[in-house]
Amino acid sequence: MSKTGISVSLSQQQPIPLQVKLTCKPGELLALTGPSGSGKTTVLRAIAGLYRAKNGQIECNGEIWQDGKRFLPAHRRHVGLVFQQYALFPHLTVFDNIRLALPKQSKVEQSREVMTLLAQVHLAGLEKRYPKQLSGGQKQRVAVARALARKPAVLLLDEPFSAVDQVTRRKLYRELLLLRQSLAIPIILVTHDLEESALLADKIALLHRGEVLQTGAPETLLKRPQTVTIARLMDQQNVFEGCVIEQAPNQTTLNWHGIVLYAQAQPDWPVGGKVYWMIPASGILLHRRDRPSRGEKENPLSGRIVEYFEINGQAHICVTVDQTPLCKLSINVPLHVAQRNRLRPGEAIGFSVLAQHIHLMPGKG
Amino acid sequence: MDWLAFNLSIKLSLVTVLILLPVGILIGRLLANRRFPGRFLLQSLITLPLVLPPTVLGYYLLVSFNPDHGLGKWLADSFDLRLIFSFEGLVLASVIFNLPFAIQPMQRAFSAIPVEIREAAQCCGLNHWRVLWKIELPLAWPGILMGLIMTFAHTLGEFGIVLMVGGNIPGETQTLAIAIYEKMQLFDRPAASVMALTLLIFSMLTLSLSFWLSARSEKRYV
């Protein structure tokens, strides 16, 4: 059977609206992300055969799992599913939890395979324990080993990191990234954590009210969202309305409440057209107070800090723009930069909105 | 001690338990896992014996299985089966009367199994029956056992419906509870007292066993 990966197409209006088209190639990690209640888990369950969408076409490595006539039940699909709460069988040992998912073979072979899987997830020696005797991270590893025991054609992970502490989560991220190097199958990860998606996935599919709004590389969704809704769902703070006032071969010029901003050329937007524009917080360059720096001439603006807080080695600053005080921009700078420039609420600062990071999206109407 | 009545009571309890084991598992699991039209009606029918006086149920069984007309006549004519004043009739009455005692603990036990556990089993390649055998039954067994113990204990002590449907035929329909009643009628207090004490000890033991199992199952996998 040729390994072509999985393609999923689901559509229905009731009881849960779904409008989904996805593909995931062998070796690729696709993150299905979106806010709570957007239908991520329903899509995953449909792929696993635990939920039947009214209209669906699911094909994996050339095998039809669902179409207009056929619906292959979960036990006949080769899927490995890691549940949010792991769903380990509480009455079985770690060894038996994994063995149960193995294909039929001799006991010796089964035993050897279980041990190999346990070693793969760094749990050798814990095979006689029961799930209640394991930590959250260990349970997650057993769930992964059990999912892999099925020799899946696709690995599905349903918010697998949500039930563990942050330190364990970081460890498990690393293990997943290492594990996927040895797996030549599509991996679909459901998560509402955008940072997690961007960190782990090759591709993100953004789901909102059952509909996939955009699929692409994490960088594309973060920096080039197709619509303002996508930008906001991707947690972009700096999204504003503006008007295209000039199109030149190498740049697009915008009017933002009387401020002229130069962006890299985006010729699709007609002159005079209302647009939304956005800039990631990392696309704003802070001017140094002690001496001028490169880029100061690029869309220079000034403002006053109205909010300042530090988190994860970054300083997050919210600034009102002098030229248009009702608009606030969010800027992220490394903590040492914030300390060197003595950034505090009430301080006046200068900054540049970098032209190459300005991205235009369709405006109202 | 009336050993004939004692043996008949044990026999009736065991047969009732044996019949209600598969019936309880199937109906209990159905009610726990599925939502279907008429579910509440089925639940009400099963629970009815808990609130109805045994004499009411006994009365309807007597009327239904009267060999002179209706269903009773059809059973008698077609299969030579007479359910009134017979052990078979007692078994049927006992099964009906014990439905809630058997099914409710089993239903609760199946309901307590998280949906994800069943789904995880399906994703491991287990079909419907293997999920039941490998996952659900081992997890639900304390509830199943409790249902059976309750059924056994309840059948052992049942009086009203047994008297209504089976009458008081020694060796055929006279259970221990009825034998106690008869001894009291005959002012044979020592015999009644021995049998009453036997029933008391038996019931106490079975109930203690059922509560112990229940407590054990609660902390088993947590």
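The model is predicted: local features need pLDDT of at least 70, side-chain atom pairs count only at pLDDT 80 or more, and totals for chains, interfaces and linings use all residues. Residues are numbered from 1 along each chain as its sequence is written, while chains are lettered from A and ligands numbered from 1 in the order in which they are written.

**Chain B**

Chain B has ten helices and zero strands. Helices are DSSP runs of H or I with at least four residues, strands are runs of E with at least two, and both are numbered from the N terminus. The C-alpha atoms occupy a box of roughly 65 × 40 × 25 Å along the principal axes. Of the 222 residues in chain B, 37% are buried. Buried means 20 or more other C-beta atoms within 10 Å of the residue's own, exposed means 12 or fewer, and partly exposed lies in between, with C-beta atoms placed from the backbone. Two residues are in contact if their C-beta atoms, placed from the backbone, lie within 7 Å. Among contacts in chain B between residues at least 6 apart in sequence, 73% join residues at least 24 apart.

**The α1–α7 pair**

Helix α1 (residues 3-33) of chain B packs against α7(B). The table gives the geometry.

| Pair | Axis distance | Crossing angle |
|---|---|---|
| α1(B) and α7(B) | within 9 Å | roughly 145° |

Axes are lines fitted to C-alpha atoms over the stretch in contact, and angles run from 0 to 180 degrees between N-to-C directions. The crossing is right-handed; that is, the near helix is turned clockwise from the far one by less than a right angle. On the α1(B) side, the residues include B:S9, B:L12, B:T16, B:L20 and B:G24. They meet α7(B) residues, among them B:I144, B:G147, B:T151 and B:L156. The contact residues divide into nine nonpolar, seven polar and no charged. Here Ala, Val, Leu, Ile, Met, Phe, Trp, Tyr, Cys and Pro count as nonpolar, Asp, Glu, Lys and Arg as charged, and the others, Gly among them, as polar.

**Contact between the chains**

Chain B and chain A each bring 17 residues to the contact. On the chain B side, α6 (115-123) and α7 (128-157) each supply at least two residues. The largest share, six residues, comes from α6(B). By class, this side has eleven nonpolar, three polar and three charged residues.

B:A112 sits in the loop between α5 (87-111) and α6 of chain B. B:A112 counts as partly exposed because 14 C-beta neighbours lie inside 10 Å. B:A112 and B:A140 are 28 residues apart in sequence, yet 8.1 Å apart C-alpha to C-alpha.

**Nonpolar cores**

A nonpolar core is a set of buried Ala, Val, Leu, Ile, Met, Phe, Trp, Tyr and Cys residues joined through C-beta atoms within 7 Å. The largest has 126 residues; those with the most contacts inside it include A:L32, A:I47, A:V154 and A:L189. Helix α7(B) gives the most to this core, with eleven residues. Domain 1 (6-228) and domain 2 (239-362) of chain A each provide at least three. A second, separate core of 20 residues includes B:L8, B:L61, B:A93 and B:I180.

**Domains of chain A**

Domain bounds come from an automatic or database domain assignment. The C-alpha centres of domain 1 and domain 2 of chain A lie 39 Å apart. Seven residues of domain 1 contact seven of domain 2. The domain 1 side divides into three nonpolar, two polar and two charged residues.
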